[in-house]
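Thanks for coming, everyone. I would like to walk through a few features of this structure, so please have the sequence and the model in view.

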Amino acid sequence: DKVKLGTRFDVTLNVSSGELLHAWPMRLRFDPALFDVISVKPGRTVSSDPTFDYRVNEDGSILVGASAQSGTRATNAELLVLTLMPMKPAPAAELNVTALTLQGPAGRPIAYDRIVAYKTSIAP
């Protein structure tokens, strides 16, 4: 997978579960020398009433707080859409989810498989 220098692209975090999701706080990590974060938005399949906020830190971490009062179906939910701009060519670049908590009703934890890093290279 390659992205082109100076061309925006989206990375979507999907999750699939038979349970209703009520909260999905997370932390992501990227190399701030390689990417500029253009936007961080809730995915389009998330419920109509999400509470969503985020903070992008200079060290390359993104903290996201996300929840839905009524819960959201997680059969193939887009939790997050991140729009990035590649800043310089690189043979290997990654975006990692370093922490994710999926919570059902009453804050009950929902188990999930390990999340694989998004890996790409940045072409000039």
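This is a predicted model: local features need pLDDT of at least 70, side-chain atom pairs count only at pLDDT 80 or more; totals for chains, interfaces and linings use all residues.

A66 lies in strand β7, which covers residues 61-73; strands here are DSSP runs of E with at least two residues, numbered from the N terminus. Residues are numbered from 1 along each chain as its sequence is written, and side-chain values use heavy atoms, with hydrogens and water left out.

Is A66 buried or exposed? A66 is buried, at a relative accessible area of 4%, where buried means under 20%, exposed over 50% and partly exposed in between, with a 1.4 Å probe and protein chains only. Leaving aside residues up to four places away in sequence, A66 touches A23, W24, P25, T51 and F52, a contact being heavy atoms within 4.5 Å.

V64, with that sequence exclusion applied again, touches P25, M26, L28, V40, F52, D53, Y54 and L80. In the largest nonpolar core, which has 32 residues, V64 is listed with W24, M26, L79 and L80 as touching the most other members; such a core is a set of buried Ala, Val, Leu, Ile, Met, Phe, Trp, Tyr and Cys residues joined through side-chain atoms within 4.5 Å. Strand β8 gives the most to this core, with 5 residues.

Turning to Y54, this residue is partly exposed, with a relative accessible area of 42%.

Terms used: Helices (H or I, at least four residues) and strands (E, at least two) are DSSP runs, numbered from the N terminus.
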